[in-house]
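The sequence and model are shown first, and the description follows.

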Amino acid sequence: MEFDYLIVGQGLCGTLLARQLINAGKRILVIDDGKPDASSRVAGGLINPVTGKRMVRSWLIEELLPAAIEEYSAMGKEIGEQVVHITDIIDCHTSSDDKMQFYTRASVDNEFLNSEDQAGEFQDFFHLPFGTGQIKPALHIKIGTILNYWRARLSDSGMLAKETFNLEHCQISHGSVIWNGLKTSGIIFCDGEAANANPYFHMLPWSKDKGEVLIVSIPGLPDNHIYRHGNISIAPWNDGLFWVGASHDWKYETTAPTDVFRANTISILDKWLKVPFHVVDHRSSLRPANFDRKPFVGFHPHAPNVGIFNGMGGKGFSMAPYFAKQFAANITKGTPIMAEVSIVRYKKILSR
Ligand SMILES: Cc1cc2nc3c(=O)[nH]c(=O)nc-3n(C[C@H](O)[C@H](O)[C@H](O)COP(=O)(O)OP(=O)(O)OC[C@H]3O[C@@H](n4cnc5c(N)ncnc54)[C@H](O)[C@@H]3O)c2cc1C
């Protein structure tokens, strides 16, 4: 079988880009080592239209949200299972200051914020001394279902190499890329946080951001909402369980799950939940974050057949669908990539 492009990595980014390119008629070989704790496999799959403590609209959300709904809905149809749930985030205020902040922001911009207190509806499950606000719409993506389906589909069609890619076994010249005897016209790195060690891209402003989560059983808690308390959210997970996370840790001694996160999160749940819960699993991963907080998309300005689709940080689920489509159109039709995400913005740094 002949291929047009190699894609390194089958996380969220590699999967969405591969799908777009395959739909555009390109022949793709995805190389992925199947790391169980890749960022996409530990993530909650949440799309929150507002950002941070001040709850300002997330960058480009007016375009990212409809693109995400369209893309994940189409993927769900192919899979035969709904993988995007349009829902809300019940923001359980943690203090009167927190509640005031929500009210103030909602009075300025209420497209995604509803300050009406719905504590009555949730009081059987949570202690809600400061009431609730609602963030709507929010999306919840069943990423495990998407990744597993595409892993099987690529594998069945001879488009997946289940191994670790090593740049030393790859010859890259201006005209072609040869890997394991296969000649292709380009290679695109969708390898998540591993890209910061890639000699083509290590100069980019990467900033590692470790996240930890607990997988928890909370019998009886309705699974048609996302619940938030400060920095901790509860979202539906697989098998009737809930995902509880996530931390952001920029200075860490270990990439493994820590006792400190587990104890702190259990203590928050003890005070927040009225119903019993039981921790089933504890996981951690590194987000492919960067100081610019905008993705890295496109071909290397000095190595035109080496591409990157990465740097999504903590917002991969909203940004990846929109920019996978844009990158694929750039590859197949030559249409431009938005300047704010194009890798060309780092032309100078990448020449070193
Ligand atoms: C705890 C946590 C919670 C998160 N929650 C959310 C959330 O709710 N919403 C949101 O939008 N984002 C969230 N994120 C961020 C989100 O996970 C990322 O933005 C996104 O999943 C990154 O996808 P990716 O494909 O770039 O990277 P990855 O998911 O890391 O995928 C990279 C793939 O490449 C493979 N790979 C790497 N190197 C090689 C190699 N040399 N050879 C072969 N294969 C290789 C890996 O095994 C992996 O399969 C969260 C992240 C964490 C850690």
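Is Trp179 buried or exposed? In this predicted model, Trp179 has a relative accessible area of 4%, so the residue counts as buried. Phe165 is likewise buried, at 16%, since the cut-off for burial is under 20%.

**Aromatic pairs**

The count of aromatic pairs comes to 15. Two of them are set out below.

| Pair | Distance between ring centres | Angle between planes | Arrangement |
|---|---|---|---|
| Trp59 and Phe323 | 6.1 Å | 10° | stacked |
| Phe165 and Trp179 | 6.3 Å | 35° | tilted |

Trp59 is partly exposed, with a relative accessibility of 28%, whereas Phe323 is buried at 0%. The ring of Trp59 also has the charged end of Lys294 over it, 4.8 Å from the ring centre.

Phe165, in the loop between β9 (160–161) and β10 (170–172), is 14 residues apart from Trp179 in strand β11 (residues 177–179). Both residues belong to one aromatic cluster together with Phe189, Tyr200 and Phe201.

**Packing of α1 and α3**

Helix α1 (residues 12–23) packs with helix α3 (residues 61–79) at an angle of about 75°, and their axes are 13 Å apart. The two helices are therefore roughly perpendicular to each other. On α1 the contact is made by Leu12, Thr15, Leu16, Arg19 and Gln20, and on α3 by Glu71, Tyr72, Ala74, Met75 and Glu78. These contact residues comprise 5 nonpolar, 2 polar and 3 charged.

Note on methods:
Residues are numbered from 1 along each chain as its sequence is written. This is a predicted model: local features need pLDDT of at least 70, side-chain atom pairs count only at pLDDT 80 or more; totals for chains, interfaces and linings use all residues. Side-chain values use heavy atoms; hydrogens and water are left out. Axes are lines fitted to C-alpha atoms, for helices over the stretch in contact, and angles run from 0 to 180 degrees between N-to-C directions. Helices (H or I, at least four residues) and strands (E, at least two) are DSSP runs, numbered from the N terminus. Angles under 35 degrees count as roughly parallel, over 145 as roughly antiparallel, 65 to 115 as roughly perpendicular and the rest as oblique. Contact means heavy atoms within 4.5 Å. Ala, Val, Leu, Ile, Met, Phe, Trp, Tyr, Cys and Pro count as nonpolar, Asp, Glu, Lys and Arg as charged, and the others, Gly among them, as polar. Rings of Phe, Tyr and Trp (its six-membered ring) pair if their centres lie within 6.5 Å; planes under 30 degrees apart count as stacked, over 60 as edge-to-face and the rest as tilted. Buried means under 20% relative accessible area, exposed over 50%, partly exposed in between (1.4 Å probe, protein chains only). A charge sits over a ring if NZ of Lys or CZ of Arg is within 6 Å of the ring centre and within 35 degrees of the ring normal.
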